[in-house]
Amino acid sequence: MKICMIGTGYVGLVSGACFADLGNDVWCVDKDKEKIDLLNDGDIPIYEPGLKEIVSKNYVSGRLKFTTNLSLAVKDSDLIFICVGTPTSKNGSANLKYVYAAAKEISRNINKFKIIINKSTVPISTGDIVEKIISKKVKRKNFEVVSNPEFLREGEAIRDFRFPDRIVIGTNNKKVIKKIKVLYDPLIKKGATFFSTNRRGAEIIKYASNAFLATKISYINEIGNLCEKSGVDIEEISLGIGLDKRIGSRFLRVGPAYGGSCFPKDTRAMVVTGDKFKVNLSIIKSVIKSNNERKKLLTNRVQKVLLNKIKNKVIAFLGVTFKSNTDDMRGSTSLMMIPMLSKKGAHIKYYDPTGLKNEFSRLKNVKFCNDLATTCYKADLIIIHTEWDEFKSIDFQKIVKKKNFKIFDMRNLYSVNYMKKKGIKYFSIGR
Ligand code: UDX
(Lines give C-alpha, C1' and ligand atoms only; values in the text may rest on other atoms or scores of the structure.)
Protein backbone atom coordinates (compact mmCIF):
# COMPACT_ATOMS: atom_id res chain seq x y z
CA MET A 1 0.00 0.00 0.00
CA LYS A 2 1.01 3.65 -0.42
CA ILE A 3 1.34 5.30 2.97
CA CYS A 4 2.25 8.75 4.26
CA MET A 5 3.40 9.32 7.87
CA ILE A 6 3.06 12.96 8.91
CA GLY A 7 5.62 13.56 11.68
CA THR A 8 8.93 11.70 11.88
CA GLY A 9 9.25 11.72 15.64
CA TYR A 10 9.23 8.63 17.74
CA VAL A 11 5.93 7.16 16.49
CA GLY A 12 6.06 8.33 12.85
CA LEU A 13 9.60 7.19 12.13
CA VAL A 14 9.37 3.81 13.84
CA SER A 15 5.93 3.01 12.40
CA GLY A 16 6.89 4.31 8.94
CA ALA A 17 10.06 2.21 8.82
CA CYS A 18 8.19 -0.87 10.07
CA PHE A 19 5.36 -0.40 7.55
CA ALA A 20 8.00 -0.16 4.80
CA ASP A 21 9.58 -3.33 6.16
CA LEU A 22 6.23 -5.05 5.62
CA GLY A 23 6.51 -4.18 1.91
CA ASN A 24 4.54 -0.92 1.77
CA ASP A 25 5.68 2.28 0.01
CA VAL A 26 6.06 4.86 2.74
CA TRP A 27 6.62 8.61 2.74
CA CYS A 28 7.80 10.08 6.04
CA VAL A 29 7.03 13.80 6.08
CA ASP A 30 8.30 16.45 8.48
CA LYS A 31 8.36 20.24 8.51
CA ASP A 32 11.80 20.13 10.08
CA LYS A 33 14.13 20.23 7.03
CA GLU A 34 17.17 19.53 9.20
CA LYS A 35 15.62 16.31 10.44
CA ILE A 36 14.65 15.23 6.89
CA ASP A 37 18.16 16.02 5.60
CA LEU A 38 19.63 13.99 8.47
CA LEU A 39 17.37 11.04 7.60
CA ASN A 40 18.22 11.31 3.90
CA ASP A 41 21.90 11.24 4.92
CA GLY A 42 21.30 7.93 6.70
CA ASP A 43 21.35 9.31 10.25
CA ILE A 44 18.64 8.69 12.89
CA PRO A 45 17.49 11.64 15.07
CA ILE A 46 16.28 9.43 17.92
CA TYR A 47 17.84 6.68 20.05
CA GLU A 48 15.98 3.43 19.39
CA PRO A 49 17.79 0.05 19.27
CA GLY A 50 17.51 -1.53 15.80
CA LEU A 51 15.93 1.51 14.13
CA LYS A 52 18.99 2.55 12.09
CA GLU A 53 19.21 -0.87 10.45
CA ILE A 54 15.53 -1.08 9.55
CA VAL A 55 15.49 2.50 8.20
CA SER A 56 18.58 2.10 6.02
CA LYS A 57 17.46 -1.28 4.64
CA ASN A 58 14.11 0.15 3.50
CA TYR A 59 15.58 3.47 2.38
CA VAL A 60 18.02 1.63 0.10
CA SER A 61 15.18 -0.51 -1.27
CA GLY A 62 13.30 2.70 -2.15
CA ARG A 63 10.25 1.73 -0.09
CA LEU A 64 10.97 4.36 2.58
CA LYS A 65 11.35 8.02 1.53
CA PHE A 66 11.79 11.24 3.55
CA THR A 67 10.50 14.63 2.45
CA THR A 68 9.33 18.03 3.67
CA ASN A 69 6.85 18.12 0.77
CA LEU A 70 3.57 17.15 2.43
CA SER A 71 1.54 17.86 -0.69
CA LEU A 72 3.50 15.45 -2.87
CA ALA A 73 3.44 12.71 -0.22
CA VAL A 74 -0.29 13.03 0.60
CA LYS A 75 -1.31 13.09 -3.07
CA ASP A 76 0.78 9.98 -3.73
CA SER A 77 -0.67 7.99 -0.79
CA ASP A 78 -3.95 6.24 0.08
CA LEU A 79 -3.41 6.04 3.85
CA ILE A 80 -2.31 9.20 5.68
CA PHE A 81 -1.12 8.69 9.28
CA ILE A 82 -1.03 11.71 11.59
CA CYS A 83 1.89 11.09 13.97
CA VAL A 84 2.63 14.58 15.25
CA GLY A 85 3.35 15.43 18.89
CA THR A 86 0.60 16.22 21.42
CA PRO A 87 2.64 17.95 24.18
CA THR A 88 1.08 18.85 27.53
CA SER A 89 -0.50 22.30 27.83
CA LYS A 90 -0.22 24.38 31.04
CA ASN A 91 -3.55 23.02 32.35
CA GLY A 92 -2.42 19.41 31.76
CA SER A 93 -4.48 18.88 28.60
CA ALA A 94 -2.99 17.59 25.35
CA ASN A 95 -1.97 20.43 23.01
CA LEU A 96 -3.57 19.50 19.66
CA LYS A 97 -2.38 22.41 17.53
CA TYR A 98 -0.01 20.19 15.49
CA VAL A 99 -2.75 17.62 14.88
CA TYR A 100 -5.15 20.29 13.64
CA ALA A 101 -2.46 21.94 11.49
CA ALA A 102 -1.71 18.57 9.86
CA ALA A 103 -5.44 18.01 9.23
CA LYS A 104 -5.69 21.41 7.57
CA GLU A 105 -2.71 20.76 5.29
CA ILE A 106 -4.02 17.31 4.38
CA SER A 107 -7.40 18.83 3.43
CA ARG A 108 -5.64 20.95 0.80
CA ASN A 109 -4.18 17.88 -0.92
CA ILE A 110 -6.96 15.33 -1.23
CA ASN A 111 -6.89 14.34 -4.91
CA LYS A 112 -8.70 10.97 -4.45
CA PHE A 113 -10.32 8.98 -1.62
CA LYS A 114 -8.05 9.06 1.43
CA ILE A 115 -8.08 7.28 4.76
CA ILE A 116 -6.74 9.65 7.41
CA ILE A 117 -5.52 7.68 10.39
CA ASN A 118 -4.71 9.36 13.67
CA LYS A 119 -1.86 7.57 15.47
CA SER A 120 -0.96 10.43 17.81
CA THR A 121 -2.24 10.09 21.37
CA VAL A 122 -5.29 12.36 21.40
CA PRO A 123 -8.22 12.96 23.80
CA ILE A 124 -11.64 11.57 23.07
CA SER A 125 -13.49 13.33 20.18
CA THR A 126 -10.32 14.69 18.53
CA GLY A 127 -11.17 12.60 15.44
CA ASP A 128 -14.51 14.44 15.22
CA ILE A 129 -12.66 17.79 15.12
CA VAL A 130 -10.17 16.52 12.52
CA GLU A 131 -13.14 15.40 10.42
CA LYS A 132 -14.72 18.87 10.72
CA ILE A 133 -11.48 20.59 9.69
CA ILE A 134 -11.14 18.43 6.58
CA SER A 135 -14.85 18.73 5.69
CA LYS A 136 -14.36 22.47 5.30
CA LYS A 137 -12.42 21.75 2.09
CA VAL A 138 -13.35 18.20 1.08
CA LYS A 139 -16.62 16.37 0.38
CA ARG A 140 -17.34 13.86 3.15
CA LYS A 141 -17.43 10.92 0.69
CA ASN A 142 -13.80 11.56 -0.34
CA PHE A 143 -12.21 10.75 3.02
CA GLU A 144 -12.60 8.88 6.28
CA VAL A 145 -10.96 9.81 9.60
CA VAL A 146 -9.91 6.82 11.72
CA SER A 147 -8.21 6.37 15.10
CA ASN A 148 -5.35 3.82 15.32
CA PRO A 149 -3.44 4.40 18.57
CA GLU A 150 0.11 3.06 19.00
CA PHE A 151 1.36 1.09 22.01
CA LEU A 152 5.12 1.40 21.41
CA ARG A 153 7.51 1.48 24.38
CA GLU A 154 10.73 3.46 24.03
CA GLY A 155 13.62 1.02 23.69
CA GLU A 156 11.30 -1.78 22.56
CA ALA A 157 9.41 0.06 19.82
CA ILE A 158 10.32 -2.17 16.86
CA ARG A 159 9.48 -5.30 18.81
CA ASP A 160 6.21 -3.73 20.01
CA PHE A 161 5.30 -2.77 16.43
CA ARG A 162 6.09 -6.21 15.06
CA PHE A 163 4.46 -8.20 17.88
CA PRO A 164 1.61 -6.08 19.23
CA ASP A 165 -0.88 -7.69 21.59
CA ARG A 166 -3.63 -5.92 19.66
CA ILE A 167 -4.21 -3.55 16.78
CA VAL A 168 -7.00 -1.12 17.66
CA ILE A 169 -8.95 0.60 14.86
CA GLY A 170 -11.57 3.24 15.62
CA THR A 171 -14.12 3.70 12.80
CA ASN A 172 -17.59 2.48 11.84
CA ASN A 173 -16.74 2.33 8.12
CA LYS A 174 -16.64 -1.38 7.25
CA LYS A 175 -14.82 -0.85 3.92
CA VAL A 176 -12.09 1.11 5.67
CA ILE A 177 -11.76 -1.50 8.43
CA LYS A 178 -11.21 -4.12 5.72
CA LYS A 179 -8.51 -2.05 4.02
CA ILE A 180 -6.63 -1.38 7.27
CA LYS A 181 -6.91 -5.05 8.18
CA VAL A 182 -5.06 -5.87 4.93
CA LEU A 183 -2.31 -3.40 5.90
CA TYR A 184 -1.82 -5.10 9.28
CA ASP A 185 -2.35 -8.64 7.93
CA PRO A 186 1.33 -9.72 8.32
CA LEU A 187 1.11 -8.90 12.07
CA ILE A 188 -2.30 -10.55 12.45
CA LYS A 189 -0.87 -13.70 10.83
CA LYS A 190 1.84 -13.68 13.57
CA GLY A 191 -0.74 -13.60 16.31
CA ALA A 192 -1.82 -9.96 16.83
CA THR A 193 -5.51 -9.48 17.61
CA PHE A 194 -7.24 -7.04 15.22
CA PHE A 195 -9.90 -5.14 17.11
CA SER A 196 -12.22 -2.45 15.78
CA THR A 197 -14.51 -0.13 17.72
CA ASN A 198 -15.86 3.34 17.09
CA ARG A 199 -13.42 6.25 16.78
CA ARG A 200 -13.95 7.68 20.27
CA GLY A 201 -13.60 4.20 21.70
CA ALA A 202 -10.15 3.80 20.15
CA GLU A 203 -9.11 7.23 21.45
CA ILE A 204 -10.07 6.29 25.01
CA ILE A 205 -8.42 2.84 24.82
CA LYS A 206 -4.99 4.44 24.39
CA TYR A 207 -5.30 6.77 27.37
CA ALA A 208 -7.03 4.19 29.54
CA SER A 209 -4.28 1.63 28.78
CA ASN A 210 -1.46 4.00 29.71
CA ALA A 211 -3.27 5.24 32.80
CA PHE A 212 -3.84 1.63 33.90
CA LEU A 213 -0.16 0.73 33.42
CA ALA A 214 0.83 3.81 35.42
CA THR A 215 -1.65 2.74 38.10
CA LYS A 216 -0.20 -0.78 38.21
CA ILE A 217 3.33 0.61 38.67
CA SER A 218 2.28 3.07 41.37
CA TYR A 219 0.38 0.30 43.09
CA ILE A 220 3.40 -2.03 43.34
CA ASN A 221 5.60 0.89 44.36
CA GLU A 222 3.30 1.62 47.30
CA ILE A 223 3.12 -2.07 48.24
CA GLY A 224 6.94 -1.90 48.16
CA ASN A 225 6.81 0.87 50.76
CA LEU A 226 4.72 -1.40 52.98
CA CYS A 227 7.15 -4.30 52.45
CA GLU A 228 10.08 -2.15 53.61
CA LYS A 229 8.28 -1.37 56.85
CA SER A 230 7.15 -4.96 57.43
CA GLY A 231 10.36 -6.82 56.57
CA VAL A 232 8.94 -8.51 53.46
CA ASP A 233 10.68 -8.82 50.07
CA ILE A 234 8.63 -7.02 47.37
CA GLU A 235 10.16 -9.25 44.68
CA GLU A 236 8.39 -12.23 46.27
CA ILE A 237 5.16 -10.24 46.49
CA SER A 238 5.35 -9.14 42.83
CA LEU A 239 5.86 -12.76 41.85
CA GLY A 240 3.04 -14.00 44.05
CA ILE A 241 0.61 -11.35 42.79
CA GLY A 242 1.68 -11.62 39.16
CA LEU A 243 1.02 -15.37 38.98
CA ASP A 244 -2.67 -14.52 39.14
CA LYS A 245 -3.52 -14.40 35.43
CA ARG A 246 -6.07 -11.67 36.13
CA ILE A 247 -3.20 -9.45 37.32
CA GLY A 248 -0.20 -10.62 35.24
CA SER A 249 3.47 -10.22 36.13
CA ARG A 250 4.41 -7.43 33.72
CA PHE A 251 4.61 -3.81 34.87
CA LEU A 252 4.78 -5.03 38.43
CA ARG A 253 8.43 -4.11 39.11
CA VAL A 254 9.17 -1.51 41.78
CA GLY A 255 11.30 1.43 40.67
CA PRO A 256 12.16 5.07 41.34
CA ALA A 257 8.72 6.31 40.04
CA TYR A 258 7.50 6.09 36.46
CA GLY A 259 8.74 8.69 33.97
CA GLY A 260 8.88 9.03 30.20
CA SER A 261 7.06 11.11 27.62
CA CYS A 262 3.78 9.23 27.96
CA PHE A 263 2.66 8.12 31.42
CA PRO A 264 3.06 11.58 33.04
CA LYS A 265 1.47 13.32 30.03
CA ASP A 266 -1.33 10.83 29.43
CA THR A 267 -2.43 10.51 33.07
CA ARG A 268 -2.71 14.30 33.32
CA ALA A 269 -4.58 14.52 30.00
CA MET A 270 -6.95 11.76 31.15
CA VAL A 271 -7.85 13.71 34.29
CA VAL A 272 -8.50 16.84 32.20
CA THR A 273 -10.75 14.79 29.91
CA GLY A 274 -12.61 13.46 32.95
CA ASP A 275 -13.13 17.00 34.25
CA LYS A 276 -14.38 18.06 30.79
CA PHE A 277 -17.05 15.35 30.94
CA LYS A 278 -17.63 16.05 34.64
CA VAL A 279 -16.36 12.61 35.68
CA ASN A 280 -14.01 12.52 38.67
CA LEU A 281 -11.18 10.12 37.71
CA SER A 282 -10.07 9.94 41.35
CA ILE A 283 -7.86 6.83 40.96
CA ILE A 284 -5.76 8.42 38.19
CA LYS A 285 -5.51 11.62 40.24
CA SER A 286 -4.15 9.62 43.17
CA VAL A 287 -1.69 7.79 40.86
CA ILE A 288 -0.27 11.13 39.70
CA LYS A 289 0.04 12.30 43.31
CA SER A 290 1.58 9.00 44.45
CA ASN A 291 4.16 9.03 41.67
CA ASN A 292 5.19 12.64 42.31
CA GLU A 293 5.49 11.93 46.04
CA ARG A 294 7.61 8.86 45.28
CA LYS A 295 10.29 10.99 43.65
CA LYS A 296 10.52 13.05 46.86
CA LEU A 297 10.38 9.89 49.02
CA LEU A 298 13.34 8.30 47.24
CA THR A 299 15.30 11.54 47.15
CA ASN A 300 14.87 11.74 50.95
CA ARG A 301 15.86 8.07 51.14
CA VAL A 302 19.22 8.95 49.57
CA GLN A 303 19.80 11.47 52.35
CA LYS A 304 18.90 8.85 54.97
CA VAL A 305 21.30 6.32 53.45
CA LEU A 306 24.02 8.97 53.81
CA LEU A 307 22.88 9.64 57.40
CA ASN A 308 21.96 13.17 56.28
CA LYS A 309 25.62 14.00 55.68
CA ILE A 310 25.52 15.02 52.00
CA LYS A 311 28.17 17.78 51.87
CA ASN A 312 31.36 16.66 50.09
CA LYS A 313 30.07 13.12 49.74
CA VAL A 314 30.94 11.49 46.38
CA ILE A 315 27.78 10.06 44.81
CA ALA A 316 27.88 7.95 41.61
CA PHE A 317 24.75 7.63 39.47
CA LEU A 318 24.59 4.61 37.17
CA GLY A 319 22.12 5.70 34.48
CA VAL A 320 20.05 8.91 34.50
CA THR A 321 17.36 8.39 31.78
CA PHE A 322 13.78 7.46 32.75
CA LYS A 323 14.49 3.80 32.01
CA SER A 324 17.09 1.67 30.20
CA ASN A 325 17.44 1.34 26.39
CA THR A 326 16.54 4.97 25.78
CA ASP A 327 18.28 8.37 25.86
CA ASP A 328 15.04 10.08 26.93
CA MET A 329 15.30 12.13 30.13
CA ARG A 330 11.66 13.24 30.22
CA GLY A 331 10.10 12.59 33.62
CA SER A 332 13.22 10.90 34.96
CA THR A 333 13.61 10.83 38.76
CA SER A 334 17.27 11.84 38.35
CA LEU A 335 16.05 15.29 37.26
CA MET A 336 14.92 15.87 40.85
CA MET A 337 17.59 13.87 42.68
CA ILE A 338 20.79 15.19 41.09
CA PRO A 339 20.06 18.94 41.40
CA MET A 340 18.90 18.47 45.02
CA LEU A 341 22.00 16.50 46.02
CA SER A 342 24.28 18.90 44.17
CA LYS A 343 22.66 21.84 45.98
CA LYS A 344 23.41 20.13 49.29
CA GLY A 345 27.10 19.99 48.39
CA ALA A 346 27.50 16.43 47.11
CA HIS A 347 30.10 15.73 44.42
CA ILE A 348 28.17 13.83 41.75
CA LYS A 349 29.54 11.69 38.96
CA TYR A 350 27.18 10.01 36.52
CA TYR A 351 27.57 7.48 33.75
CA ASP A 352 24.87 6.79 31.17
CA PRO A 353 25.32 4.52 28.13
CA THR A 354 23.55 7.17 26.03
CA GLY A 355 26.05 9.86 26.97
CA LEU A 356 26.26 13.27 28.60
CA LYS A 357 23.01 15.04 29.50
CA ASN A 358 22.53 18.80 28.97
CA GLU A 359 20.05 18.80 31.83
CA PHE A 360 22.97 18.63 34.27
CA SER A 361 25.56 20.68 32.39
CA ARG A 362 24.91 23.89 34.34
CA LEU A 363 25.06 22.16 37.75
CA LYS A 364 28.36 22.68 39.57
CA ASN A 365 30.03 19.55 41.02
CA VAL A 366 28.07 17.28 38.64
CA LYS A 367 30.35 15.48 36.20
CA PHE A 368 29.69 13.04 33.35
CA CYS A 369 32.09 10.06 33.24
CA ASN A 370 32.67 7.89 30.19
CA ASP A 371 32.76 4.57 31.99
CA LEU A 372 31.62 2.68 35.08
CA ALA A 373 35.03 2.41 36.74
CA THR A 374 35.69 6.15 36.68
CA THR A 375 32.16 6.84 37.89
CA CYS A 376 32.33 4.45 40.85
CA TYR A 377 35.97 5.17 41.81
CA LYS A 378 36.17 6.33 45.47
CA ALA A 379 32.38 6.89 45.65
CA ASP A 380 30.70 7.03 49.06
CA LEU A 381 27.36 6.04 47.53
CA ILE A 382 26.52 4.37 44.23
CA ILE A 383 22.92 4.86 43.01
CA ILE A 384 21.69 2.37 40.40
CA HIS A 385 19.04 4.52 38.68
CA THR A 386 18.28 2.56 35.48
CA GLU A 387 18.26 -1.11 34.63
CA TRP A 388 20.81 -1.31 31.78
CA ASP A 389 22.16 -4.83 31.30
CA GLU A 390 25.72 -3.57 31.84
CA PHE A 391 24.80 -2.62 35.41
CA LYS A 392 23.71 -6.14 36.31
CA SER A 393 27.01 -7.83 37.18
CA ILE A 394 29.46 -5.22 38.40
CA ASP A 395 32.34 -6.19 40.72
CA PHE A 396 31.93 -3.06 42.81
CA GLN A 397 34.81 -3.71 45.24
CA LYS A 398 37.16 -3.94 42.25
CA ILE A 399 36.23 -0.53 40.81
CA VAL A 400 35.27 1.57 43.85
CA LYS A 401 38.66 0.97 45.56
CA LYS A 402 37.38 2.33 48.86
CA LYS A 403 36.08 0.73 52.08
CA ASN A 404 32.57 1.36 53.46
CA PHE A 405 30.94 2.53 50.27
CA LYS A 406 27.17 2.06 50.01
CA ILE A 407 24.88 1.05 47.15
CA PHE A 408 21.29 2.25 46.66
CA ASP A 409 19.82 -0.03 44.01
CA MET A 410 16.57 1.58 42.78
CA ARG A 411 15.90 -1.28 40.36
CA ASN A 412 16.63 -4.24 42.65
CA LEU A 413 19.17 -5.59 40.17
CA TYR A 414 21.12 -7.40 42.90
CA SER A 415 20.13 -9.80 45.69
CA VAL A 416 20.29 -8.70 49.31
CA ASN A 417 22.06 -11.95 50.31
CA TYR A 418 24.70 -11.59 47.60
CA MET A 419 25.58 -8.11 48.85
CA LYS A 420 25.56 -9.29 52.49
CA LYS A 421 28.04 -12.05 51.64
CA LYS A 422 30.26 -9.46 49.93
CA GLY A 423 30.08 -7.28 53.05
CA ILE A 424 28.67 -4.35 51.04
CA LYS A 425 26.21 -1.92 52.67
CA TYR A 426 23.34 -2.40 50.22
CA PHE A 427 20.01 -0.58 50.12
CA SER A 428 17.24 -1.35 47.65
CA ILE A 429 13.49 -0.91 47.11
CA GLY A 430 10.74 -2.77 48.92
CA ARG A 431 13.10 -5.13 50.70
C1 UDX B 1 4.68 3.60 27.69
C2 UDX B 1 3.72 2.45 27.40
O3 UDX B 1 4.28 1.25 27.94
C4 UDX B 1 3.54 2.30 25.88
O5 UDX B 1 2.62 1.27 25.62
C6 UDX B 1 3.02 3.63 25.33
O7 UDX B 1 2.84 3.54 23.92
C8 UDX B 1 4.00 4.74 25.65
O9 UDX B 1 4.19 4.83 27.07
P10 UDX B 1 7.28 4.07 27.69
O11 UDX B 1 6.88 5.31 28.40
O12 UDX B 1 8.20 4.15 26.54
O13 UDX B 1 5.93 3.29 27.15
O14 UDX B 1 8.01 3.13 28.76
P15 UDX B 1 7.56 1.95 29.72
O16 UDX B 1 8.42 0.81 29.43
O17 UDX B 1 6.11 1.78 29.72
O18 UDX B 1 8.01 2.54 31.17
C19 UDX B 1 7.40 3.72 31.63
C20 UDX B 1 7.93 3.99 33.04
O21 UDX B 1 7.45 2.99 33.95
C22 UDX B 1 9.45 3.98 33.13
O23 UDX B 1 9.87 5.02 33.99
C24 UDX B 1 9.75 2.62 33.74
O25 UDX B 1 10.96 2.62 34.48
C26 UDX B 1 8.55 2.44 34.66
N27 UDX B 1 8.26 1.04 34.96
C28 UDX B 1 7.86 0.21 33.96
C29 UDX B 1 8.35 0.60 36.28
O30 UDX B 1 8.71 1.35 37.17
N31 UDX B 1 8.03 -0.70 36.56
C32 UDX B 1 7.62 -1.57 35.58
O33 UDX B 1 7.36 -2.73 35.90
C34 UDX B 1 7.55 -1.10 34.24
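Me: Let's start with Glu387. Where is Glu387 found?

Reply: Glu387 is found in the loop between strand E12 (381-384) and helix H16 (396-400). Helices (H or I, at least four residues) and strands (E, at least two) are DSSP runs, numbered from the N terminus. Before we go on, note that this is a predicted model, where local features need pLDDT of at least 70 and side-chain atom pairs count only at pLDDT 80 or more, while totals for chains, interfaces and linings use all residues. Residues are numbered from 1 along each chain as its sequence is written, and side-chain values use heavy atoms, with hydrogens and water left out.

Me: Why is Glu387 called buried?

Reply: Buried means under 20% relative accessible area, exposed means over 50%, and partly exposed is in between (1.4 Å probe, protein chains only). Glu387 has a relative accessible area of 15%, so Glu387 is buried.

Me: Which residues is Glu387 in contact with, leaving aside its neighbours within four places in sequence?

Reply: They are Arg253, Lys323, Ser324, Lys392, Arg411 and Leu413. Contact means heavy atoms within 4.5 Å.

Me: Now Thr86, please. How do you know whether Thr86 is buried or exposed?

Reply: Thr86 has a relative accessible area of 6%, so Thr86 counts as buried. Thr86 lies in the loop between strand E4 (79-82) and helix H5 (97-107).

Me: What does the side chain of Thr86 reach?

Reply: The side chain of Thr86 reaches the backbone oxygen of Thr121 at 3.0 Å. A polar contact of 3.5 Å also joins the side chains of Thr86 and Lys265. Leaving aside neighbours within four places in sequence, the contacts of Thr86 include Ala94, Val99 and Ser120.

Me: What makes helix H6 (126-135) largely enclosed?

Reply: 7 of the 10 residues of H6 are buried, so H6 is largely enclosed by the rest of the structure. Among them are Val130, Ile133 and Ile134. The buried residues of H6 pack against E4, H5, E5, strand E6 (143-147) and helix H10 (199-230).

Me: What stands out about phi of Ser125?

Reply: Phi of Ser125 is near 85°, a positive value in a residue other than glycine. Most residues other than glycine have a negative phi. Ser125 is found in the loop between strand E5 (114-118) and H6, and its 10% relative accessibility makes it buried. Phi of Asn308 is also positive, near 60°, but Asn308 is exposed, with a relative accessible area of 56%.

Me: How do you know that strands E1 and E2 pair?

Reply: Two strands pair if DSSP finds at least two bridges between them. E1 (residues 2-6) and E2 have 5 bridges, in the parallel sense, so they pass that test. E2 and strand E3 (residues 64-67) pair in the parallel sense over 4 bridges. Within these pairings, Val26 in E2 stands opposite Ile3 and also opposite Leu64 in E3.

Me: Why is E2 said to be largely enclosed?

Reply: 4 of the 5 residues of E2 (residues 25-29) are buried, so the rest of the structure largely encloses E2.

Me: How many aromatic pairs are there?

Reply: The count comes to 12. Rings of Phe, Tyr and Trp (its six-membered ring) pair if their centres lie within 6.5 Å; planes under 30 degrees apart count as stacked, over 60 as edge-to-face and the rest as tilted. Tyr350 and Phe360 are 5.3 Å apart centre to centre with 70° between the planes, so they pair and count as edge-to-face. Both Tyr350 and Phe360 are buried.

Me: What makes Lys65 a charge over the ring of Trp27?

Reply: The rule asks for NZ of Lys or CZ of Arg within 6 Å of the ring centre and within 35 degrees of the ring normal. The charged end of Lys65 sits over the ring of Trp27, 4.8 Å from its centre. Likewise, the charged end of Arg140 sits over the ring of Phe143, 5.1 Å from its centre.

Conventions. A polar contact is a pair of N or O atoms within 3.5 Å; within protein, one must be able to donate a hydrogen and the other to accept it, and residues adjacent in sequence count only if both atoms are side-chain atoms.
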